[in-house]
Amino acid sequence: MTQPIAELLNVEVDYPRGRALGPFDFALAPGEIVALVGPSGCGKSTALRLLAGLEGPTRGSVRRASGRGETSVVFQAPTLMPWASALDNVALPLELAGTSARDARGQAAEALVRVKLGGVEAAKPAQLSGGMAMRVSLARALVTNPKLLLLDEPFAALDEITRRDLAEDVHHLWAQTRPAIVFVTHNVEEAAYMAQRVLVMTRGPGRDAGQTTIDAPFPRPPGFRTTAAFREAAEKISNDLDRAMRAP
Amino acid sequence: MKRMVSIAAPILLIAVLLAAWEAACRLWAVPTFILPPPSDVVIAARDNFDILASSAWNTLRVAIIAWIAASLIAGAIALAVSLHWAVEDAVRPLAVILQVTPIVAIAPLVNIWAGLDHPERGVVALAIVVAFFPIFSGALTGLKSADPDLERLFDLYGADRVQRLLRLRLPSAVPFILQGLKVAAGLALVGAVVAEYVAGSGGAHGLAWRILEAQHRLQTAKMLAALLVLAAMAVTLYSGLQLGEQAILRRWRGR
């Protein structure tokens with residue numbers, strides 16, 4: 001494997017209420033899409049925060065090859081500033097990094113077009129549907145052209161149709177700049193569809209409970225969800241998850 | 001239909017109560033220095049209109065000055081306090097003590113400190129004290145109410161303290177600050193009236209003074225007329241601010 005873009009080495013994270021994660025090892029190659037699947041409270045989001053550098057491990061170490069401004073996070077909620085227009089929300093990371101307002105807005109407008117939201121620049125978040133708000137959030141994550149994109153259950157609050165739409169869009173966006181993506185989800189089918197590699201985590205404190213590689217091109221070919229390869233992968237992930245739930 | 005009923009119902013109730021009051025006064029021939037009928041109150045309001053209006057303006061002016069001053073002081077302190085938890089821990093007990101101590105009890109002291117020759121200064125100071133807490137509390141709560149995930153994003157993108165304050169915490173605080181300002185305006189008016197009472201016959205010629213004056217002369221109808229003006233002023237102030245708050249919030253969140 002080439003030099004990983006981010007790596008968790010034997011990390012453990014303790015919170016006041018107990019251990020949340022680990023011991024856990026994880027390495028992500030540049031341009032790779034990995035899904036983390038596991039029961040609630042297994043430390044998936046904690047692992048994501050370690051990868052983002054928002055938190056440090058209690059023990060073990062984190063290596064990150066992506067510097068400041070090269071990592072983006074999308075949360076479960078769109079997490080937009082309600083007082084700011086879609087354009088201003090997307091321009092935020094660039095403006096905080098010191099890009100001139102004019103350039104930032106220009107790039108933000110392009111990012112909105114990339115997530116198929118051309119024309120809503122002036123809308124405030126309350127005027128957008130859930131799916132649209134999530135796209136704005138995605139545009140904000142992409143506007144810096146990150147090398148590492150961390151998605152924390154980004155579609156959990158959306159309906160099935162919107163989820164499928166967005167999953168496909170993420171693949172198209174990935175094909176443009178090929179960032180490494182870590183995708184946290186509860187949903188086995190979504191994981192098998194989205195990722196090249198699916199890592200199942202045990203009940204908290206989360207450990208590695210099995211990995212599955214899905215060998216199919218991105219974006220997924222039409223009808224991929226009904227192919228044998230997809231069903232096999234989903235079955236293996238599902239079995240790993242069953243075992244992970246029963247693990248002590 | 002429902003809307004019309006909800007407008008008509010309170011008006012109807014007030015009309016019934018006024019009619020009963022008028023009828024009771026006439027029926028039992030209640031002495032007017034104890035309870036004048038509503039018609040006498042209206043006449044008193046008309047006869048004393050000029051003096052009541054200028055007194056109302058005096059009280060309102062004091063309340064507005066105090067409200068603006070309290071906004072500036074409370075806003076500045078809330079901002080300073082929000083920058084470090086230790087400052088907040090230091091300031092909060094004092095703010096609470098100031099808030100829970102009855103205004104009537106500290107009024108005589110403040111009047112002495114403001115100078116007995118300048119009762120209007122004491123009145124403004126007391127109104128500031130009363131209006132301070134809701135603005136301080138609202139602003140401080142607001143400044144700490146930013147979405148934690150947005151705070152994380154600002155961490156991720158390496159925002160400095162000034163960027164975080166101007167681009168995240170202040171805008172997040174807007175609804176809380178507006179709410180505090182609205183409550184404080186009503187309290188500033190209450191503070192002004194209470195302070196006028198305590199200042200007594202000094203030089204503060206606000207509505208409270210008119211009420212006291214009428215009481216000394218047993219002009220009960222005039223007392224009620226002054227009270228009517230005070231209530232009308234408070235309702236107008238509150239509704240105006242309510243509309244202003246709604247308009248600003250509509251702009252803030254885009255609908």
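Before the helices themselves, a word on terms: an axis here is a line fitted to C-alpha atoms, for helices over the stretch in contact, and angles run from 0 to 180 degrees between N-to-C directions. Helices (H or I, at least four residues) and strands (E, at least two) are DSSP runs, numbered from the N terminus. What you see above is a predicted model, in which local features need pLDDT of at least 70 and side-chain atom pairs count only at pLDDT 80 or more, while totals for chains, interfaces and linings use all residues. Residues are numbered from 1 along each chain as its sequence is written, and chains are lettered from A, with ligands numbered from 1, in the order in which they are written.

Let me start in chain B, with helix α2 (residues 38–47) and helix α10 (residues 220–253), whose axes come within 8 Å and cross at roughly 75°. α2(B) and α10(B) are therefore roughly perpendicular, the word used for 65 to 115 degrees, whereas under 35 counts as roughly parallel, over 145 as roughly antiparallel and the rest as oblique. On the α2(B) side the residues are B:D40, B:V41, B:A44 and B:A45, and these meet B:A221, B:K222, B:L224, B:A225 and B:L228 in α10(B), where contact requires C-beta atoms, placed from the backbone, to lie within 7 Å. By class, the residues of this contact divide into seven nonpolar, no polar and two charged; Ala, Val, Leu, Ile, Met, Phe, Trp, Tyr, Cys and Pro count as nonpolar, Asp, Glu, Lys and Arg as charged, and the others, Gly among them, as polar.

The helix α10(B) has another partner, helix α9 (residues 207–216) of chain B, and their axes come within 8 Å and cross at roughly 165°. That makes α9(B) roughly antiparallel to α10(B). The contact draws on B:L207, B:R210, B:I211, B:A214 and B:Q215 of α9(B), and on B:K222, B:M223, B:A226, B:L227, B:V229 and B:L230 of α10(B). Its residues comprise eight nonpolar, one polar and two charged.

Still in chain B, helix α6 (residues 119–143) and helix α8 (residues 161–199) pack at an angle of about 155°, with their axes 6 Å apart, and α6(B) and α8(B) are therefore roughly antiparallel to each other. Their contact has 24 nonpolar, nine polar and two charged residues.

Finally, where the chains meet, the contact takes 18 residues from chain A and 17 residues from chain B. In chain A, β5 (71–74) and α2 (86–96) each supply at least two residues of the side that touches chain B, and that side divides into 13 nonpolar, three polar and two charged residues.

Definitions and conventions
Two residues are in contact if their C-beta atoms, placed from the backbone, lie within 7 Å.
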